[in-house]
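Welcome! Then use the points below as a guided tour.

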Amino acid sequence: MPFYQTNPQLTTLAEAALADTWQKFPTLEREQIAITWLVYDPPIPVNTGGAITADELWKYPVRGFNYRGNERIYPASIAKLFYLLAMHEWLEQGMASASSELDRAVRDMIIDSSNDATSLVVDTLTGTTSGPELSAGPFESWKSQRNLVNRYFQSLGWSELDLINVNQKTWSDGPYGRERYFVGEMRENRNMVTTDAVARLLHSIVGGAAISGDRSSQMMQLLHRDLQLAQVTPDPGEENQLNGFLGAGLPPESQIWSKAGWTSQVRHDAAYIELVDKQPYLLIVFTEGAANSQNRQILPFIADQFVTAMSQLD
């Protein structure tokens with residue numbers, strides 16, 4: 001069972017939004033999209049600046065909807081959300097040492113979605129490095145170390161995380177050497193997550209329950225996006241994580257905290273959104289397929305559909 005409560009009204013509104021999306025974009029097949037949508041009703045339990053405890057947050061009822069929310073999908077740079085939270089846990093527990101260079105890498109991993117920065121973060125989390133092939137014994141030890149982040153998330157006991165795999169670096173050109181052997185001949189060991197897993201992770205961050213209120217706040221600061229960037233620089237490519245993603249479909253006075261991911265085969269976004277005079281909500285959308293990954297209109301269109309849905313909520 002998900003940590004949120006499925007809701008008939010949300011289901012009706014979301015299914016209508018999906019129907020309009022499929023009509024608008026016929027290249028988007030039914031099995032090429034996954035969505036999780038959570039709505040925060042008053043009294044709002046998230047983005048409170050630490051006003052409620054973690055225990056209170058998890059007891060708070062949240063309405064939700066998912067379409068294929070438990071389907072394992074390659075997350076691209078959405079995996080960096082998991083590395084962000086893990087890095088704060090390591091720092092909190094003294095398993096990693098803070099430094100200006102590590103701070104820079106974590107910042108660039110989230111704000112700019114830098115794969116080079118992510119490489120340092122993954123090395124720091126796991127005590128491993130990329131490089132040439134290893135002989136059998138050392139490679140087994142290396143692989144065990146690279147699964148430290150997976151073991152951490154399994155230790156949380158969140159059922160939504162049962163299906164995930166987050167043990168790979170993110171690449172621009174692809175893995176080489178020991179990394180290529182680790183991901184597998186058919187890439188069977190690549191990162192895989194679900195929209196429900198991302199929803200639970202993001203819910204814990206925006207709710208101030210990710211490790212501590214202070215660390216959740218630090219993560220939120222990195223995830224905040226300035227929608228004005230989408231207005232004044234309408235075509236900068238994907239690097240601002242707004243153009244071509246959910247933020248581009250929001251009213252300009254909205255607030256968004258998000259992490260996008262994209263490759264030649266996928267286009268994803270995970271966002272916490274605050275509209276003017278509406279309940280805040282989470283919206284996680286994954287799309288697959290080469291044609292869809294290059295279409296920068298699909299996610300903004302979906303975002304606009306859910307803005308309309310929010311205006312129709314009881």
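This is a predicted model: local features need pLDDT of at least 70, side-chain atom pairs count only at pLDDT 80 or more; totals for chains, interfaces and linings use all residues.

**Overall build**
- The protein contains 13 helices and seven strands.
- Its radius of gyration is 19 Å, close to the 20 Å that the globule rule gives for 314 residues, so the protein is as compact as a globular protein of that length.
- The C-alpha trace spans about 60 × 45 × 40 Å along the principal axes.

**Inside and outside**
- Out of 314 residues, 54% count as buried.
- Among contacts with a separation of 6 or more, 70% come from residues 24 or more positions apart.

**A closer look at helix 10**
- Which residues of helix 10 (residues 213–223) are buried? They are Arg215, Ser216, Met219, Met220, Leu222 and Leu223.
- Viewed down the axis of helix 10, these buried residues fall within an arc of 160 degrees, so they line one face of the helix.
- Asp214 and Gln221 sit on the other side of helix 10, where they are exposed.
- Helix 10 has several packing partners for its buried residues, including helix 3 (79–92), helix 4 (100–111) and helix 9 (195–206).
- Strand 4 (224–225), strand 5 (255–262) and strand 6 (266–274) also pack against the buried residues of helix 10.

Technical notes:
Residues are numbered from 1 along each chain as its sequence is written. Side-chain values use heavy atoms; hydrogens and water are left out. Helices (H or I, at least four residues) and strands (E, at least two) are DSSP runs, numbered from the N terminus. The radius of gyration is taken over C-alpha atoms; the globule rule is 2.2 Å times the number of residues to the power 0.38. Buried means under 20% relative accessible area, exposed over 50%, partly exposed in between (1.4 Å probe, protein chains only). Contact means heavy atoms within 4.5 Å. The arc is that of the directions from the helix axis to the C-beta atoms.
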